[in-house]
Amino acid sequence: MSEAGDFIDAALLRESSWQRAEEAQAQYGPGLGSYGSSVGAVRGTVRDALRRYRSLGRDDVTALSSELWEVPVFERRLAAVVLLQSSLALLDNSDLTRIEGFLRTARLRELADPLATDVVGPLIAGLDGQNRSRAETVLGRWLQDPDDWLRRAALMAPLRELRAGGGDWDRYRRQAGLAESGTPDDAGLVREAIAAVTSGMAK
């Protein structure tokens, strides 16, 4: 493990609580472990790591996010999300492939939704020209994917831009209709995402 990865993991373990870990384990199921660290501790740990390792560039950040995500522990994966949120200025459309892998294995709203709304959406909103077109092509592919979580992410991603008065609301509605009708949505994840964005636009 990298020095930065060791630092984050050790800090999260110091902030662990066996009571929170047991509660989280019951909530997340057997496929995902938990240290029992609070969300605040995760955010603080990532902030401290970025201060300690100021020289981290794009390749370092993306590699560290994969390193954290690789171990199926909730707090590590949340730290990967927070790391990407905190490093948006370094990311570009080519990083959507890595993020897609995270989304396919997240399987939790607490991980998938922040990835979509706080990483994918702002990343794409900050692009222009050919890079923006390429990123939107990726989202279009996600919208047609049989994986409910990936379709959900594609629908959640534009939320912040739409609420800020940007984006294309009519296009979003057309895409939402296609995503909802094209593939079975057994868990209601797609419908829930559309409802969340529609509700957000009404505020």
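Helices here are DSSP runs of H or I with at least four residues, numbered from the N terminus. The model is a predicted one, in which local features need pLDDT of at least 70 and side-chain atom pairs count only at pLDDT 80 or more, while totals for chains, interfaces and linings use all residues. Residues are numbered from 1 along each chain as its sequence is written, and side-chain values use heavy atoms, with hydrogens and water left out.

Begin by selecting glycine 167, which sits in the loop between helix H10 (159–163) and helix H11 (169–182). Leaving aside residues up to four places away in sequence, glycine 167 touches Glu161 and Leu162, a contact being heavy atoms within 4.5 Å.

Next, select tryptophan 69 and phenylalanine 102, whose ring centres are 4.7 Å apart with planes at 15°, so the pair is stacked; rings of Phe, Tyr and Trp (its six-membered ring) pair if their centres lie within 6.5 Å, and planes under 30 degrees apart count as stacked. Tryptophan 69 belongs to helix H4 (residues 58–70) and phenylalanine 102 to helix H6 (residues 96–106), so the pair ties together parts 33 residues apart in sequence. Both tryptophan 69 and phenylalanine 102 are buried, that is, under 20% relative accessible area.

Finally, select helix H1 (residues 3–14) and helix H3 (residues 39–52), which pack at an angle of about 150° with their axes 10 Å apart. H1 and H3 are therefore roughly antiparallel, a term for angles over 145 degrees. Among the residues that meet are Phe7 and Ile8 in H1 and Ala41 and Val42 in H3.

Definitions and conventions. Helices (H or I, at least four residues) and strands (E, at least two) are DSSP runs, numbered from the N terminus. Rings of Phe, Tyr and Trp (its six-membered ring) pair if their centres lie within 6.5 Å; planes under 30 degrees apart count as stacked, over 60 as edge-to-face and the rest as tilted. Buried means under 20% relative accessible area, exposed over 50%, partly exposed in between (1.4 Å probe, protein chains only). Axes are lines fitted to C-alpha atoms, for helices over the stretch in contact, and angles run from 0 to 180 degrees between N-to-C directions. Angles under 35 degrees count as roughly parallel, over 145 as roughly antiparallel, 65 to 115 as roughly perpendicular and the rest as oblique.
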